[in-house]
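This report covers selected side-chain contacts, strand pairing and helix geometry. Please view the sequence and structure below alongside the text.

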Amino acid sequence: MDAVRLRRVNRWLAQGLGGELADLYVDSHETPAAEAYRSRSRLDFLNRLTGDIRRPGFAMVIAETDHLVGCAFGFPVAGDGFWWLGFDGALPQGIEQPTASGGVFAITSILVQPHPQDQDVARRLQERLLSDHQASFGATLVDPDDHSTLAALRSWRWLDVGEVWRPAGPTMFRALVLPLGERTTARLEGLAHDASTRWPG
């Protein structure tokens with residue numbers, strides 16, 4: 001995994017990689033061996049990928065050696081705040097203002113082939129994707145039962161800011177944000193005093 005290369009791909013290349021990305025999705029998740037479940041899992045992922053690719057500003061970074069070993073993708077959060085629909089309680093002001101001004105980039109998926117160094121590759125993918133955008137925050141939603149992902153994100157200084165309730169799939173997600181830049185980090189002092197915010201320890 002030392003020879004992993006990161007590469008930005010556009011939406012057309014991402015569409016062409018759909019089958020390989022779906023394989024990566026299945027490989028990167030612990031799933032039952034039942035073929036029916038694996039097929040449904042692939043289809044669900046491809047449907048979500050297709051929806052994300054259509055969003056304005058969609059971006060993807062892939063990790064590869066002699067084959068695809070990881071990817072991260074997402075899109076800028078619209079200023080109307082639709083991304084935060086279903087947030088439990090009032091959205092912290094330190095996040096609401098950057099959202100309204102278009103300063104938040106949502107990472108909707110990070111996939112990495114299982115490997116002892118997969119956490120390092122995932123972190124590099126995340127950093128590369130966010131560094132390409134002039135955003136104040138990264139944002140993501142995580143299934144609360146996905147303890148390994150939550151632990152990894154918190155170790156990378158993502159902040160848990162609350163719960164988001166959605167009608168489909170897992171009904172509740174943990175909402176996490178990552179401050180980008182010194183001014184944004186300083187602004188998070190207000191979030192640190194918010195009762196719903198838990199700093200990673």
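## Arginine over a ring

The charged end of R166 sits over the ring of W83, 6.0 Å from the ring centre. Keep in mind that this is a predicted model.

## Aromatic pairs

Searching the whole structure gives 6 aromatic pairs. One of them joins F45 and F73: the ring centres are 6.3 Å apart and the planes lie at 65 degrees, so the pair is edge-to-face. This pair links distant parts of the chain. F45 belongs to helix 3 (residues 35-53), F73 to strand 3 (residues 68-76), and 28 residues separate them.

F45 is buried at 2% relative accessibility. F73 is also buried, with a relative accessible area of 2%. F75 and W83 make an edge-to-face pair, 6.1 Å centre to centre with 80 degrees between the planes. Both of these residues, F75 and W83, are buried. Ring pairs also connect Y25, F45, F58 and F73 into a cluster.

## Strands 6 and 7

Strand 6 (residues 159-165) is mostly covered, with 5 of its 7 residues buried. It pairs with strand 7 in the antiparallel sense, over 6 bridges. R174 lies in strand 7 (residues 172-179). Opposite R174 stands E163.

Is R174 buried or exposed? Its relative accessible area is 11%, under the 20% cut-off, so R174 is buried. The R174 side chain makes a polar contact with the side chain of D160, at 2.8 Å.

## Helix 5

Helix 5 (residues 118-131) has 14 residues. From first C-alpha to last it reaches 20 Å, close to the 20 Å expected at 1.5 Å a residue. Its buried residues are V121, A122, L125, Q126, L129 and L130. They cover an arc of only 160 degrees around the axis, which puts them on the same side of helix 5.

Technical notes
Residues are numbered from 1 along each chain as its sequence is written. This is a predicted model: local features need pLDDT of at least 70, side-chain atom pairs count only at pLDDT 80 or more; totals for chains, interfaces and linings use all residues. Side-chain values use heavy atoms; hydrogens and water are left out. Helices (H or I, at least four residues) and strands (E, at least two) are DSSP runs, numbered from the N terminus. Buried means under 20% relative accessible area, exposed over 50%, partly exposed in between (1.4 Å probe, protein chains only). A polar contact is a pair of N or O atoms within 3.5 Å; within protein, one must be able to donate a hydrogen and the other to accept it, and residues adjacent in sequence count only if both atoms are side-chain atoms. Two strands pair if DSSP finds at least two bridges between them. The expected span of a helix is 1.5 Å times one less than its number of residues. The arc is that of the directions from the helix axis to the C-beta atoms. Rings of Phe, Tyr and Trp (its six-membered ring) pair if their centres lie within 6.5 Å; planes under 30 degrees apart count as stacked, over 60 as edge-to-face and the rest as tilted. A charge sits over a ring if NZ of Lys or CZ of Arg is within 6 Å of the ring centre and within 35 degrees of the ring normal.
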